[in-house]
Amino acid sequence: MPWTVLEQLWKRAVNPEHTNSGDSNWDNEVKTLYKLGIGMEDTLLFLYAEKPDFENFKNWINGRKRDTVYEVQDLTENVLSEQDLEFWNENGYIVVKNAISKEDCEATQKAIWEYLKMDPNKKESWYKRHEDQKGLMLNFSDHETLNRNRFSPRVKKAYEQLYKTDKIYKTIDKVSFNPPETEHFKFLGSPLHWDMSLKKPLTFALQGMLYLTDCGPEDGAFHCVAGFHNQINQWLDELESDENPRNKALQTLQSKPIIGNAGDFIIWHNALPHCATPNKGGKPRMVQYLTYLPDDYNAAGEWI
């Protein structure tokens, strides 16, 4: 167990004087937790709320680690064809069909409904906000069905092909619950955005999400600006000195919906501006976020 790494995280959380001690390595701390099957948000909530001593923190970690239960099945055959890779190079996203079984999607939906204490057959219950909901996001990451989905061999293999390496590790991320808009409920998602710093040189990574429900253009589909990864550097260079790139993107870039069925997995290049959209359908849209990162990934640096 890499306790030395996690001890630095614990120190900064319970002892503010360690905040600027220079001994932290955020990416390594996050990677360590992910490899244990533990989400960073859950960890920080525990540390800041409970202020445990280090022994109790270790007990909490040992009680939460999940990856020892599963073994990742490595696929020898490629998931993405040459045509898929050509599409990826041009568009910067790909849809991996049937990455998860319909049965596993239904089991995951059930787990989300139960966590939210909502009834899928009672629309009025869909709008009673849970304390762990923030916008579309639900801080729900520790469940057997979510963990099983993370071990999809097809998802892992697709990431390996796009990264061109098998030296990758999976994240432990949350889920999203996007109910239909009504007269009294409006869309809570973010507009077109990036989840990365726009300071050059840009840090390359991939992002991904699993449709747990069928999602057509009107059902709150994921949107992205296809192909923008091929022009973002020039686009940034051509901005006026007083222009904010994130505001400029909202004003000038056009996104398109990426539809899919329950069990389909979308992977996109992190240089693509993207967003969720208002749900105009009849049922909540549910997704699970799942990203793999290369072992040498480093997101440290100035945020622009």
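Start with the second largest pocket: select α6 (102–116) and β11 (285–289), each of which supplies at least two residues of its lining. Helices (H or I, at least four residues) and strands (E, at least two) are DSSP runs, numbered from the N terminus. The model is predicted: local features need pLDDT of at least 70, side-chain atom pairs count only at pLDDT 80 or more, and totals for chains, interfaces and linings use all residues. Residues are numbered from 1 along each chain as its sequence is written, and side-chain values use heavy atoms, with hydrogens and water left out.

Now show the lining residues, which are Gln 109, Trp 113, Pro 120, Trp 126, Thr 213, Asp 214, Asp 219, Lys 283, Pro 284, Arg 285 and Met 286. The space in this second largest pocket comes to about 250 Å³. On a 1 Å grid over the protein atoms alone, a pocket is an open set of points where a 1.4 Å probe fits, with protein on both sides within 12 Å along at least five of seven lines; lining residues have an atom within 4 Å of a point. Points are joined across faces, edges and corners, and the volume is the space filled by probe spheres set on them.

Next, select Cys 215. Cys 215 is buried at 2% relative accessibility (buried means under 20% relative accessible area, exposed over 50%, partly exposed in between; 1.4 Å probe, protein chains only). The count of disulfides (cysteine sulfur pairs within 2.5 Å) is zero. For Cys 215, the nearest cysteine sulfur is that of Cys 275, 12 Å away. Move to Cys 275, which is buried at 9%; its closest cysteine sulfur, in Cys 224, is 9.0 Å away, too far for a bond.

Go to helix α10 (residues 245–252), where Pro 245, Arg 246 and Ala 249 are buried. Seen down the axis of α10, the buried residues fall within an arc of 105° (directions from the helix axis to the C-beta atoms), so they line one face of the helix. These residues pack against α9 (232–237), where contact means heavy atoms within 4.5 Å.

Then select Thr 43 in helix α3 (residues 40–50). Thr 43 is buried, with a relative accessible area of 0%. Leaving aside neighbours within four places in sequence, Thr 43 contacts Leu 9, Leu 33, Ile 38, Phe 57 and Trp 60.

Finish with the backbone. Lys 51, in the loop between α3 and α4 (54–64), has a positive phi near 45° and is partly exposed at 43%. The Lys 200 to Pro 201 peptide bond is cis, with omega near 0°.
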